Amino acid sequence: SMVQHFMSLRLLLLRSPDRRTYNEQESLNVIRKSYHGYSQDNSRTDSELASLLVRDWIFLSSANQVIPNQQVTSLPVHSGQAPYKCHIMQPTNLRTELSA
């Protein structure tokens with residue numbers, strides 16, 4: 001059942017940021033970016049948004065169980081490297097062959 005995953009995500013969102021692990025915080029960052037991407041065009045209901053986010057959460061949670069929890073204080077910065085970009089494409093940047 002998805003209820004346990006809804007509750008798991010909800011409780012993590014309610015937890016104080018200073019009590020989250022690095023992996024938990026990174027997962028929540030992905031969830032927030034997913035939410036913004038999923039809700040951008042206002043075409044989904046609240047129920048559909050919740051379901052999509054919980055599916056993302058389930059995947060991220062299972063991935064974090066495979067990867068050992070790491071406490072990282074800072075990420076290396078390489079000069080000349082482009083800043084991190086969100087994985088979600090903006091709808092205005094999408095083109096189809098029919099509109100080309």
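**Helix 2 and the rest of a three-helix model**

Helix 2 has these buried residues: Asn23, Ser27, Leu28, Ile31, Ser34, Gly37, Tyr38 and Ser39. The structure is a predicted model. The protein has three helices and zero strands, and from the N terminus its elements follow the order α-α-α.

Helix 2
- Helix 2 covers residues 22-39, which is 18 residues.
- At 1.5 Å a residue, helix 2 should span 26 Å, and its end C-alpha atoms are 26 Å apart, so the two values agree.
- Among the buried residues of helix 2 are Leu28, Ile31 and Tyr38, and Asn23 and Ser27 are also on that list.

- Helix 1 comprises residues 3-14, and Leucine 14 lies in it.
- Leucine 14 has a relative accessible area of 60%; exposed means over 50%, so Leucine 14 counts as exposed.
- Leu14 also belongs to a nonpolar surface patch of about 390 Å². The patch is made by Val3, Met7 and Leu11 together with Leu14.

The protein as a whole
- The protein has 100 residues, and 17% of them count as buried.
- Its accessible surface comes to about 8100 Å². Carbon and sulfur atoms account for 57% of that surface.
- Taking the contacts between residues at least 6 apart in sequence, 65% join residues at least 24 apart.

Technical notes
Residues numbered from 1 in each chain as written. Predicted model: local features only at pLDDT ≥ 70, side-chain atom pairs only at ≥ 80, totals over all residues. Heavy atoms only, no water. Helix = DSSP H or I, 4+ residues; strand = E, 2+ residues; numbered from the N terminus. Buried < 20%, exposed > 50% of the residue type's maximum accessible area, 1.4 Å probe, protein only. Contact = heavy atoms within 4.5 Å. Areas by Shrake-Rupley, 256 points an atom, 1.4 Å probe, with all protein chains shown as cover. Expected span 1.5 Å × (residues − 1). Patch = residues over 30% accessible without salt bridge, like charges linked within 9 Å, V, L, I, M, F, W, Y side chains within 5 Å. Salt bridge = Lys/Arg side-chain N within 4 Å of Asp/Glu carboxyl O.
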